Each structure stands twice: as C-alpha cells, then as structure tokens.
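Please read the following walk through one protein structure with the sequence at hand.

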Amino acid sequence: MTRHDDHTRGTGLARPGRVKEVTSLTNPIVKDLRALAMKKYRDQEGVFLAEGLKLIIDALDLGWKIRTLVFSKAGKGNSLVEQVAARTIAKGGDVLEVSEKVIAAITRRDNPQMVVGVLEQRTQPLAALRPQGNEVYVALDRVRDPGNLGTIIRTADAVGAKGIILIGDTTDPFSLETVRATMGSVFAVPLMRATEAEFLAWRKGFAGLVVGTHLKGAVDYRTIPYANRPVVLLMGNEQQGLPDQLAADCDKLARIPQEGRADSLNLAIATGIMLFEIRRDALKLDGGN
C-alpha cells in the first residue's frame, strides 16, 4: 500500500484506496474528522462516524462503503484490523493510520476504540414504503435522547422489525452516541424521515394496524391481535408522549400496566416491551419452540 501526503478538504480525505499516516492534531484531515462530531458538518458532507471494530465489520458485511477508515497504531498487526483496512481499500476507501491522541480527539473519548470509520448516511423515502405480510415498523415522534434512539434501533433489529420512521425534529440517528448505542444495528435497520404531516398523509394509504402507546390508552397491550397483518408501532416523545393528532390516527391506543411508584416507563424500554409482544408469534428460540 502506498503512502502519500495529499488530502482534500471535507471528508474526501485523500485519494481513494490509499494509506496515509497522520500524527498531528493540527492536520487539516483531523480537523475535518473532528468536525463530524457536529450534526451541521455530518449533514453537510452526508456522512457519519462509527467507532469500534465490530461496527465496522458489520457495516462492511452489510454492504456499506467506508469512505475513510481510521485506526490507531495500537491496531497495527491485528489481523482483523488489517482485513478491514484491506476491504476498505478494495472498495476505494481511504485508510489513515493515526496516533492514539488523534483517535481520542476524533471520537472525543479518553479511551477510544482503535478503529473508526467514516460512512455515508442512508435514509429511505417514506412515500415508497409499502408494508406487507406481518412486517413491523416503529414510528418515533420527536425522540430526543440518542441513547433511546440507538437502543430502539438495536431492539427493532433484534425482533426483526423492518424499519424505523423518524417523525419531526428527532435526535440525529447518525450521531456518534446514537450509532454506538445501536451496536451495529444502524447498518441493518432502514431509516425513514418524515414530518408529522407527511406521516399522516402516508398513514391514510396504510391498510395495516397502527398502534400507539398512551397513558390514557384504553387497551391492555397484551390483548391486541397483532398477527397476520403489517403493524406500525407509534411511540411518542420522552416528555410529552403522543400529540393529539397522532394519537387520533391510531387504530388502537395501548397501555402497559404498571405497579409501583413510577408513573411512566423509559421510551426505549416501553418500545422493547411492545415490540416483543407484537412479534410474540413470530419469534422462536433456535432449534425448538
């Protein structure tokens, strides 16, 4: 592999398929990578950061192209890191070998993992979505917490849900915090964005079941027949729950029974409970019932 010293501004970061060594925090390439901590620059470039060898391997295995792979010198000689670097170069991506202080600056962590990737953002148009069979989707209204969103994406992947619909001004699914929380599921679960008006317009043509959770929900979530039709699970904002217009457009408003002093559940926990109930009939342990 050939080393070189040229680069381009933004996240183009060097001509494709090459390796470059970077050790200085003042290097323009490092400044460009550090800027990706801010949503403004991620959206401007249409990219995001994923940290950790497992996430990068997941991304490659699922057909995502790594525009730039960054690894610390500690990863040199690691066979998995070298395989990932070779796969990145084979796909036309760049590889940067950096010092530990550089990778710590990029990830904004004191103890960073030894591999970080720059990948292109992917979302799908909601208007083209046509759920069928017993497919399940999760629609999230203005979810605010990156940890919640990442955990929901991971849980949706675990139950076999087919996608996440992000309604309104949600937290960024491509922030480093959200991507970390998905544990790689961000590469497996399609994401769609929509305004509330766009979602309501799409919902008019959806023939399946829309179930929302609501503290005033009249139906125990365990009594709803979910099987044999597509389902959209609609979950509200952490602080405010579902707004009236979205709640009114649900076929069923469900409630999760509680006992104790807590008056509500964490959004990601509630979504997980609902998803596993919706997918109850479809989920089997490997090798048996």
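This is a predicted model: local features need pLDDT of at least 70, side-chain atom pairs count only at pLDDT 80 or more; totals for chains, interfaces and linings use all residues.

In general, the strands of a sheet pair through backbone hydrogen bonds, and the pairing may be parallel or antiparallel.

E1 and E4 are part of an open sheet of five strands. Read across the sheet, the order is E1-E4-E3-E5-E2, and the pairing is mixed. At the edges lie strand E1 (19-22) and strand E2 (47-51), each of which pairs on one side only. On average, neighbouring strands in this sheet are turned by 20 degrees against each other, with direction ignored.

Helix H5, made of residues 100-107, packs on this sheet. H5 touches E1, E2, strand E3 (66-72), E4 and strand E5 (115-120). The direction of H5 makes about 130 degrees with that of E3.

H5 also has a helix as a partner. Two packed helices are described by the angle between their axes and the distance between those axes. Helix H1 (residues 28-35) packs with H5 at an angle of about 30 degrees, and their axes are 8 Å apart. Angles under 35 degrees count as roughly parallel, so H1 and H5 are roughly parallel to each other. H1 contributes Val30, Leu33 and Arg34 to the contact, while H5 contributes Val102, Ala105 and Ile106. By class, the residues of this contact are five nonpolar, no polar and one charged.

The largest pocket holds about 470 Å³ of space. Its lining consists of 20 residues, and those nearest its centre are Thr213, Leu215, Gly241, Ser264 and Leu265. Strand E13 (252-255) and helix H10 (267-278) are the elements that give two or more residues to this lining. Eight residues of the lining are nonpolar, ten are polar and two are charged.

The second largest pocket has a volume of about 180 Å³. Among the 15 residues lining the second largest pocket, Tyr226, Ala227, Ile278, Arg279 and Asp281 are the closest to its centre. The lining of this second pocket has eight nonpolar, two polar and five charged residues.

Conventions:
Residues are numbered from 1 along each chain as its sequence is written. Side-chain values use heavy atoms; hydrogens and water are left out. On a 1 Å grid over the protein atoms alone, a cavity is a set of points where a 1.4 Å probe fits but cannot get out, and a pocket is an open set with protein on both sides within 12 Å along at least five of seven lines; lining residues have an atom within 4 Å of a point. Grid points are joined across faces, edges and corners, and a volume is the space filled by probe spheres set on the points. Helices (H or I, at least four residues) and strands (E, at least two) are DSSP runs, numbered from the N terminus. Ala, Val, Leu, Ile, Met, Phe, Trp, Tyr, Cys and Pro count as nonpolar, Asp, Glu, Lys and Arg as charged, and the others, Gly among them, as polar. Two strands pair if DSSP finds at least two bridges between them. Axes are lines fitted to C-alpha atoms, for helices over the stretch in contact, and angles run from 0 to 180 degrees between N-to-C directions. Contact means heavy atoms within 4.5 Å. Angles under 35 degrees count as roughly parallel, over 145 as roughly antiparallel, 65 to 115 as roughly perpendicular and the rest as oblique.
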